[in-house]
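Here are some exercises on rings, charges and helix packing, each with a worked solution. Have the model open while you go through them.

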Amino acid sequence: MNRIDQALNEMRKIDELAEMNSPVHRFCSLSKMAVTIMYILTVMSFPRHALSALILMIIYPAFVSALSGISLRFALHKMRYVLPLVMAVGIFQPFLEREIMLRIGPVPVSAGVISMLVLMLKGIYCLLASFLLIAATPADRLFASLRRIHVPQIFVTLLLLTWRYIAVLGEEASVMMTAYQLRAPDQKGIHWRSWGSFIGQLLLRTMDRAQELYESMLMRGYQGDMPSETERFTGKDLSWLLIWGMMFMILRMFNIAEMIL
């Protein structure tokens, strides 16, 4: 199995996770999206040296993970290609802020180290919350929620079709990669001289597939807007939204970690 097939399998795995039937999956997607946005805004609002207060923000991803059956370890594994970029965001902070803020035994800890850890945690928390939202919500319902908050129809349609088109692109690339490997079994990867024609043929093949899909959509009554199932926003969805909103407010206003210690 080549890397393209592995990537497609991972996408299918995320779609399978979104079809599970856990308490989190049964919440209205609009409520889950609103809570995720509040969580990200709250995390990003912490000061750059508020490490002890920020650590407790792991409560939300951990609770959603336990309730939905999607492990945090699995989520981090799926984000393995993005995490190094997130971890590198604050890597230069120790060189910019050298004043000592605290000591752990004989080891001094500078303000730059704390600022670096805060930036890393912010990135990890935001990625975890976003991944858990995607993994616990079918794509159709998630994009339908964007329409309910009056995101322009053209943007929602473009996002949805792009999400679906990635699979078409991957399938065509997998077929072409398999054909190339059969013709050059002793060669590792694609020779650099073949990249131009390979990408050109891939573009043409995916455009043909996309045209066929579009014509099929027109035959089924597509008129510019994607039909979607309307979800009811019930009392439990409102409770989920209000409870987490209050929790985020408390964790942001009070440093509970310092109070406990």
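Before starting, one cut-off: a residue is buried if its relative accessible area is under 20%, exposed if over 50%, and partly exposed in between. Keep in mind that this is a predicted model.

**Exercise 1.** Work out whether S29 is buried or exposed, and find what it touches.

*Solution.* Start with the location: S29 sits in helix α3. Next, take its relative accessible area, which is 0%, so S29 is buried. Then look for partners, skipping residues up to four places away in sequence: S29 touches T137, R141, L142, S145 and E231.

**Exercise 2.** Describe how helix α3 packs on helix α10.

*Solution.* Locate the two helices: α3 covers residues 29–44 and α10 covers residues 139–148. Their axes are 9 Å apart, at an angle of about 75°. Angles of 65 to 115 degrees count as roughly perpendicular, and that makes α3 roughly perpendicular to α10. Now list the contact: α3 brings S29, L30 and M33, while α10 brings R141, L142, S145, L146 and R148. Sorted by class, the contact has 4 nonpolar, 2 polar and 2 charged residues.

**Exercise 3.** Do the packing analysis again, this time for α3 and α13.

*Solution.* Here the axes come within 9 Å and cross at roughly 5°. Angles under 35 degrees count as roughly parallel, and α3 and α13 are therefore roughly parallel to each other. On the α3 side you'll find S31, K32, A34, V35, M38, Y39 and T42. They meet D237, W240, L241, W244, G245, F248 and R252 of α13. The class count for this contact is 8 nonpolar, 3 polar and 3 charged residues.

**Exercise 4.** How many aromatic pairs does the whole structure hold, and why is the pair of F63 and W244 edge-to-face?

*Solution.* Searching the whole structure gives 10 aromatic pairs. For F63 and W244, the ring centres are 5.5 Å apart and the planes are at 65°, so the pair is edge-to-face. Then check the sequence: F63 is in helix α5 (residues 59–68) and W244 in helix α13 (residues 235–253), so the pair links parts of the chain 181 residues apart. Zooming out, both rings belong to one aromatic cluster, formed by F27, Y39, Y60, F63, W240, W244 and F248.

**Exercise 5.** Classify the pair of F74 and F131, and place its residues in the chain.

*Solution.* Take the geometry: 6.3 Å centre to centre and 55° between the planes, a tilted pair. F74 belongs to helix α6 (residues 72–78) and F131 to helix α9 (residues 111–135), 57 residues apart. For accessibility, F74 is partly exposed at 22%, while F131 is buried at 10%.

**Exercise 6.** Which rings have the charged end of K236 or R252 over them?

*Solution.* Take the lysine: the charged end of K236 sits over the ring of F27, 5.8 Å from its centre. Now the arginine: R252 lies over the face of F46, at 5.0 Å from the ring centre.

**Exercise 7.** Find the setting of S115.

*Solution.* S115 is in helix α9. Its relative accessibility is 2%, so S115 counts as buried. Leaving out residues up to four places away in sequence, S115 touches R48, H49, Q93 and E97.

Definitions and conventions: Residues numbered from 1 in each chain as written. Predicted model: local features only at pLDDT ≥ 70, side-chain atom pairs only at ≥ 80, totals over all residues. Heavy atoms only, no water. Phe/Tyr/Trp six-rings, centres within 6.5 Å; stacked < 30°, edge-to-face > 60°. Helix = DSSP H or I, 4+ residues; strand = E, 2+ residues; numbered from the N terminus. Buried < 20%, exposed > 50% of the residue type's maximum accessible area, 1.4 Å probe, protein only. Lys NZ or Arg CZ within 6 Å of the ring centre and 35° of its normal. Axes fitted to C-alpha atoms, helices over the stretch in contact; angles between N-to-C directions. Parallel < 35°, antiparallel > 145°, perpendicular 65-115°, else oblique. Contact = heavy atoms within 4.5 Å. Nonpolar A, V, L, I, M, F, W, Y, C, P; charged D, E, K, R; others polar.
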